[in-house]
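Please read it alongside the sequence and the coordinates.

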Amino acid sequence: MKRRAFVGVLAGVVLFIGLSHSNAQDKYIVVASTTSTEQSGLFAHLLPAFERDTGIKARVVAVGTGQALDIGRRGDADVVFVHDRPAEDKFMAEGEGVRRYPVMYNDFVLIGPTNDPARAGGGKDILDALRKIESAKAPFVSRGDRSGTHFAELELWKLAGIDIGSEKGPWYRDTGQGMGPALNTAAAMNAYILADRATWLSFRNRGELTIAVEGDKRLYNQYGVMLVNPAKHPSVKRETGQAFVDWLVSAEGQKAIADYRINGEQLFFPNAHE
């Protein structure tokens, strides 16, 4: 009897430890997001506040928007937080997300050499600037990584009346990299590049680069967040993942986004409730 009692107690202890370990493991989520949110320093600012408010840790996989959405399609993330509305709408139409929430916006800027060899800078018309860069065959760096920034760049070339797939030559450099590494390449080449303003403001290796074009309404950059559909992917942590979404669009999360600044300049503008 004593042996049976001991075995029962031991089994209970093992079960308790197993459940405790499982509960601890459940207190984290995986967020597939963009390099702009990571490399701008936004997540380093937001996630400690989120964990403090909820007790949940968030592990970020920072890739291009296209890759982030693919991670969600495989069920390898609980939440996707990206910036390419057509791709987000497609993700939702496929039933891969539960609901899309707007979170915040910033804008893109055209970065270029201070000597401006294409004479593309100084105005607010991004399409005119791209036409001048293509005409001059001035060095241009593209992320080329299926990110939201890359897709925005391709759309701008299209709006400018330029088929970049057939017109690009040695002057046009596809990097297949995130925003930070692509900016490093542009700095090394003294080239033009489309960048999100937040990453540019946090970027230190600027070399001879500066903002060439800003303020065009076509450079608006909206971010959205979606819980990956647990009905399609049972491994998705519905409650803790939704807690992250809810926190981002809450008054606390929106204030945390607005409060993130570099040298006094606000990088992202919350708009979950507009």
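Arg206 lies over the face of Trp200, and the distance to the ring centre is 4.3 Å. The model is a predicted one, so every value that follows is computed from its atoms.

**Charges over rings**

- Besides the placement of Arg206 over Trp200, Arg59 lies over the face of Tyr28, at 3.6 Å from the ring centre.

**Aromatic pairs**

- The count of aromatic pairs comes to 13, and one of them is formed by Tyr223 and Phe268, whose rings are edge-to-face, with 5.7 Å from centre to centre and 80 degrees between the planes.
- Because Tyr223 belongs to strand S9 while Phe268 sits in the loop between strand S11 (265-266) and strand S12 (269-270), this pair ties together parts of the chain that are 45 residues apart in sequence.
- Tyr223 has a relative accessibility of 0% and therefore counts as buried, the cut-off being under 20%.
- Phe268 is likewise buried, with a relative accessible area of 0%.

**The side chain of Gln222**

- Gln222 lies in strand S9, and with a relative accessibility of 17% this residue counts as buried.
- The side chain of Gln222 makes a polar contact of 2.6 Å with the side chain of Tyr220.
- A polar atom of the Gln222 side chain also lies 3.0 Å from the backbone oxygen of Met104.

**The largest pocket**

- The largest pocket holds about 340 Å³ of space, and of the 15 residues that line this pocket, Asp84, Arg85, Pro86, Ala152 and Tyr220 are the closest to its centre.
- Tyr220, one of these residues closest to the pocket centre, is also the partner of Gln222 in the side-chain polar contact of 2.6 Å.
- At least two lining residues come from each of helix H5 (85-93), helix H7 (148-159) and strand S9 (220-228), and H7 gives the most, with six residues.
- By residue class, the lining of the largest pocket divides into seven nonpolar, four polar and four charged residues.

Definitions and conventions: Residues numbered from 1 in each chain as written. Predicted model: local features only at pLDDT ≥ 70, side-chain atom pairs only at ≥ 80, totals over all residues. Heavy atoms only, no water. 1 Å grid on protein atoms, 1.4 Å probe; cavity = no way out; pocket = protein on both sides within 12 Å on 5 of 7 lines; lining within 4 Å. Points joined across faces, edges and corners; volume = space filled by probe spheres on them. Helix = DSSP H or I, 4+ residues; strand = E, 2+ residues; numbered from the N terminus. Nonpolar A, V, L, I, M, F, W, Y, C, P; charged D, E, K, R; others polar. Phe/Tyr/Trp six-rings, centres within 6.5 Å; stacked < 30°, edge-to-face > 60°. Buried < 20%, exposed > 50% of the residue type's maximum accessible area, 1.4 Å probe, protein only. Lys NZ or Arg CZ within 6 Å of the ring centre and 35° of its normal. Polar contact = N/O pair within 3.5 Å; in protein donor to acceptor, adjacent residues only side chain to side chain.
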